[in-house]
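Good morning, and thank you for coming.

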Amino acid sequence: MDFNRVIDRKGTGCYKWDYLTQFFGDDTILPMTVADMDFAVPEPIVQALQDRLAHPVFGYTGQQPSYWEAIAQWMEERHGWPIPTDWLIDIPGVIPAMHFCIQAFTQPDDKVLVQTPVYDPFFQAIQRNGRSLAISQLVYQNGRYLMDWEDLERQFRGGVKMMILCSPHNPVGRVWAREELTRLITLAEQYGVWLISDEIHHDIVFPGHNHHILGKVADGYDRIVTLTSPAKTFNIQGLQCAAVILPDEAHRKAFKAQKFKAGLYLSNTLSMIAYEAAYRHGGPWVDALVEYLDGNRQYLREAFAESDAIDLIYPDGTYVAWLDCRPMQLDSLALKDYFVQEAKVGLNKGVVYGQDGDGFMRINFALPRPQLKEAVEQIRIAAEKTM
Ligand SMILES: Cc1ncc(COP(=O)(O)O)c(C=O)c1O
């Protein structure tokens, strides 16, 4: 669990580190972009993969009962939600699952709502499936983002069929309170709106906050789909594993029909091994990880506390943070170039997450603290120069 260890990821086809010239025009910068971590995967996962690799055949593989049980056990022990294993459907990723939900539970041209600023593949999932994108902007108030209840009600009344919730929220870092989720479910139930809850960041939650799985809070409302995954938690995004939790049998059938229509039947042999090992043996590692990330989060807060140029929106969870750079008076594209040139770091442009993200940048803080400190100091100094 040496989170301070610097690991060279270049040359592994790493999406964050190996495409710097293409995305930033500079191969020497430190990327704080794509939401994976520059940390080694926990040892029990590596061991389980190595054990499996010792067997020389990698033919078609199905899930063992212990695989489903491991997921159900994690949901119960870490999230207080005991679920039967037959509610689970395997899927290579949360985003493909979102596409299938849209296909299964809405019709062409139906309105599907997201709350911006939000992880941009949400937009594409809606638009590439020929649905109409409805946007409700989150309200930025006293350094925190809140749901705009009046706007949500107006839009639900106006015919929205589905909403995709990001919980915890990427990029603004909110872990939604139980009261907020209850209120959302009540509103959705009133208008029969489907709620698709992307909970991929659900294990990275900082002290003082509790994550509530939407499907657990639902209490009988059956138009709720929970999308879960060990990918962010254990840094195994490249293995492509996720699961859908759907309590209603008819809904599961409708979801699976779309999955099968796309020709997706069996799963990846190694991803199943990693998924199960993560949930069976990874608990202590996650506790240590969250503590370390919390240290990084606190460092960010200290670093920007006195800054006139950047306000940090202090995240409740996730390992991305949202920086309000509007005092610098540059748009997102100019900010991206400025930080590359002046601070030698790569950040994500806020406008990618919605028009209301212009003037903001997203920073990934899941990296060894000495590197984080150096990069953040460069960002802080560069930002002050514009004031
Ligand atoms: C909110 C959110 N959902 C989904 C994903 C990607 O999910 P997957 O790789 O399982 O499709 C990410 C990755 O950054 C994310 O932040």
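Predicted model: local features only at pLDDT ≥ 70, side-chain atom pairs only at ≥ 80, totals over all residues.

**Aromatic pairs and their surroundings**

The count comes to 25 aromatic pairs, where rings of Phe, Tyr and Trp (its six-membered ring) pair if their centres lie within 6.5 Å, and planes under 30 degrees apart are called stacked, over 60 edge-to-face and the rest tilted. One of these pairs joins phenylalanine 3 and tyrosine 292: the ring centres are 5.3 Å apart and the planes stand at 40 degrees, so the pair is tilted. Because phenylalanine 3 lies in the segment before helix 1 (20–24) and tyrosine 292 in helix 12 (residues 283–304), this pair ties together parts 289 residues apart in sequence. Helices here are DSSP runs of H or I, at least four residues, numbered from the N terminus.

Residues are numbered from 1 along each chain as its sequence is written, and side-chain values use heavy atoms, with hydrogens and water left out.

Are the two partners buried or exposed? Phenylalanine 3 is buried at 6% relative accessibility, and tyrosine 292 is buried at 11%. Buried means under 20% relative accessible area, exposed over 50%, and partly exposed in between, with a 1.4 Å probe and protein chains only.

Both residues belong to one aromatic cluster, whose members include Trp68, Trp74 and Trp285.

Finally, tyrosine 60 is exposed, with a relative accessible area of 83%, and is placed in the loop between helix 2 (43–53) and helix 3 (65–79).

Note on methods
Helix = DSSP H or I, 4+ residues; strand = E, 2+ residues; numbered from the N terminus.
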